[in-house]
Amino acid sequence: MRNLLLILYICLFILTGCERNHRKQELAEEGTEIVPLHSQTDERPAKENRRVNPNINIYIENSGSMNGYINGYTDFKGAIRDLLVLLKYHYDSQNIKIFFINSAIYPTKTEGDIVNFAKQLNASTFRVGNTSSSNLNGVFKQVLGETNKNNISILISDCIYSISGKETENYLDDAKSLTKDAFLSKYKNTHLELVTTLVKLNSFFDGRYYDKFDKGFHIKQSRPYYLCVIGDNEVMSDFNSKVELENGKIAGFENKYILTSKDYSQQSFYTVLTQTKKTGRFKPDRAFTTLKAVKGIEDAKVNGRENGAFSFSVAIDLSYIPVQEDYIRNPDNYQVKEGNFKITAIEPIIKTISILLTGAVFKTQMPLM
């Protein structure tokens, strides 16, 4: 994902009083005269333009419940192939390692080009280690134990908790709490800013399946499974911006969800735009204004000829958020905490540049990225 500089168009339909809002950014073409604050500097955080090239470890759970995904030419194999193609393109192939995981971790034998690994999966090559059962929380602990600041761990699993006995549902909350404990313990012991990307996929399944009553039977149908991509914030921001798993890029993709405990609000550079797509009138609030940004407004007034609506635009840099551009540009993913406002549109900022050439003025547009 390229660095995103966006305009948020915000409308207030019933003006209830003077509103002060937040957001920031630099736009020279605004031409607003701003009074500086004596002690305030409002610089955008500097970024390092260095290549992020972590080790990528892929762990394929190969317990008995996973066998049905490898029978025949399935989307499960196709997804592994597509994933390896994307990883090989964006990262060094020698840094990509594939393992089987159950009660322990086992290196795999990859022959030739790594993208052909999925073709080698069959009932024989899949049977490595203790495949009779799996402990999902044990698997998570092993994967997290191998995760550090310089690598990304990718777990491929159906993520089914193996709970013994017949009272499966009664013990499910316990199992979920142990998953939470595995991640919190990793953070406590290492202080890594963990980011986890969960990707839900589907594939045809032809194999033995066990229901919540531990009753086994053979099924042939589409079933879900998951990619759990885990790493420190820096390497995961790079991964999520580069490796696009949606939009037909990986077989069987259904959905993606990113989990992080990091607060990105302090890194997002923003400013109110005083002239861009506004309805009504307002002034920059000097108490919340610097040479770099307008962070508050005052003396807001509606325009009677515009049906009493009041709106303004905010420019904000969300390039630090580790998600794809289509997520950032969806207004449904935002919530206005105070005031009777709503976000009506989110668009990339386009800067108009005038070029003087042999006496004629030409205007061109380019993304301000």
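Tutor: Let's start with a term: two strands pair if DSSP finds at least two bridges between them. Keep in mind that this is a predicted model.

Strand β9, residues 270-273, runs antiparallel to strand β12, residues 310-317, and four bridges hold the pairing. Among the facing positions, Thr271 sits opposite Ala315 in β12. Now, are the faces of β9 covered or open? Both are covered. Tyr270 and Val272 are buried on one side, while Thr271 and Leu273 are buried on the other.

Next comes the open sheet, where seven strands line up as β4-β3-β2-β5-β7-β6-β8 with mixed pairing. The edges belong to β4 (105-107) and β8 (253-260); each has a single partner strand, so one side of each has no neighbour in the sheet. From one strand to the next, the twist averages 25°.

Strand β6 covers residues 194-210 and strand β7 covers 216-232; they run antiparallel, joined by 17 bridges. For example, Arg208 has His218 in β7 as its bridge partner.

While we're in β7, stop at Arg223, which belongs to that strand. Is Arg223 buried or exposed? Its relative accessible area is 12%, and buried means under 20%, so Arg223 counts as buried. Leaving aside residues up to four places away in sequence, Arg223 touches Tyr69, Ile160, Leu201, Asn202, Ser203, Phe205 and Tyr209. Take Asn202 from that list: it is 21 residues from Arg223 in sequence, yet the two C-alpha atoms are 5.5 Å apart.

So what lies across the sheet strands? Helix α1 (residues 75-90) lies across β2, β3, β5, β6 and β7, at about 175° to β2. Helix α2 (residues 136-145) lies across β2, β3, β4, β5, β6 and β7, at about 160° to β5.

Helix α2 also meets helix α3, residues 168-190: their axes come within 9 Å and cross at roughly 10°. Angles under 35 degrees count as roughly parallel, and therefore α2 and α3 are described that way. On the α2 side the contact uses Asn137, Phe140, Lys141, Leu144 and Gly145, and on the α3 side Ala175, Leu178, Thr179, Ala182, Phe183 and Lys186. Sorted by class, that contact has six nonpolar, three polar and two charged residues.

Notes. Residues numbered from 1 in each chain as written. Predicted model: local features only at pLDDT ≥ 70, side-chain atom pairs only at ≥ 80, totals over all residues. Heavy atoms only, no water. Buried < 20%, exposed > 50% of the residue type's maximum accessible area, 1.4 Å probe, protein only. Helix = DSSP H or I, 4+ residues; strand = E, 2+ residues; numbered from the N terminus. Axes fitted to C-alpha atoms, helices over the stretch in contact; angles between N-to-C directions. Contact = heavy atoms within 4.5 Å. Parallel < 35°, antiparallel > 145°, perpendicular 65-115°, else oblique. Nonpolar A, V, L, I, M, F, W, Y, C, P; charged D, E, K, R; others polar.
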